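Hello,

Here is the structure I said I would pass on, with notes on its aromatic rings below.

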Amino acid sequence: MKNEFSKEIPPAENICKFRNKIISWFNRNKRIYPWRKTGDPFRILIAEMMLQRTKADQVLGVYNSFFSEFSVPGDIAKTNLKKLRKILFPLGLKWRVKNFKKVSQYIENNFGGRIPADREDLVKMPGTGQYIAGMVLSVAFNKPEWAVDSNIVRIFRRYFGIDTTKEGRRDKVVIEIAKRYISCAEPRTANLAIVDFTALICSPRNPSCFRCPIRISCNYYSKTA
Ligand code: SF4
């Protein structure tokens, strides 16, 4: 069967148009969460760690309980795991609990309690990775730093009609599109916008193409409509 997907990076103007429309949609439809109302990089890092494999609405209560108990990395570094387990229990995925303590200790020991604004430093931290690093840098520091998770791979595949390797998050074409996507005046907004768009419109099953503002130029839509 002929492979109809491309391995080419789409033209810059197409990526720019895609981003602008997603930001415009976001400005009318954004979800409001407490971790989006703060500029504190530590709270944003913790929220991103909680959001791994967990829906935002499920994180909400846990995030509030967490920050009513702790406010700085030193508080968590010193707390016991039993207490952390109790607070984080509603998130499931028990294996994550230790990471919250480890990352707090790491930040205390290596950065004096401050979150570094550098991708290389962030990816070395326990419980993080390229996606979390990109989100912290763009959302907390408004830096034009890319972030790719499975939702972002999916929308790039659908919209641009690109072929990707099996592990799309590490695919060079996907990362290059993400870099061009975030090269704009509003990196914070751009990354939050694509997070919400892939959660609410271009969802994994049954994407809402009928109300999608970018469907006219979407590869997937042109083949399925
Ligand atoms: Fe996703 Fe459908 Fe919109 Fe294309 S038209 S970006 S597949 S929701």
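Trp25 counts as buried because its relative accessibility is 6%, where buried means under 20% relative accessible area with a 1.4 Å probe and protein chains only (exposed is over 50%, partly exposed in between). Phe197, with a relative accessible area of 1%, is buried too.

This is a predicted model, in which local features need pLDDT of at least 70 and side-chain atom pairs count only at pLDDT 80 or more, while totals for chains, interfaces and linings use all residues. Residues are numbered from 1 along each chain as its sequence is written, and side-chain values use heavy atoms, with hydrogens and water left out.

Searching the whole structure gives 15 aromatic pairs. Rings of Phe, Tyr and Trp (its six-membered ring) pair if their centres lie within 6.5 Å; planes under 30 degrees apart count as stacked, over 60 as edge-to-face and the rest as tilted. Trp25 and Phe197 are edge-to-face, because their ring planes are at 85 degrees, with the centres 5.1 Å apart. This pair links distant parts of the chain, 172 residues apart: Trp25 is in helix 1 (residues 12–29) and Phe197 in helix 11 (residues 187–200). Helices here are DSSP runs (H or I, at least four residues), numbered from the N terminus.

Phe66 and Phe70 also form an edge-to-face pair, since their planes are at 65 degrees, with centres 5.0 Å apart. Both Phe66 and Phe70 are buried. They belong to a cluster linked by ring pairs, together with Tyr33, Trp35, Phe42, Tyr63, Phe67 and Phe100.

The charged end of Arg119 is over Trp146, 4.2 Å from the ring centre, and Arg158 lies over the face of Tyr220, at 5.2 Å.

Regards

Definitions and conventions
Helices (H or I, at least four residues) and strands (E, at least two) are DSSP runs, numbered from the N terminus. A charge sits over a ring if NZ of Lys or CZ of Arg is within 6 Å of the ring centre and within 35 degrees of the ring normal.
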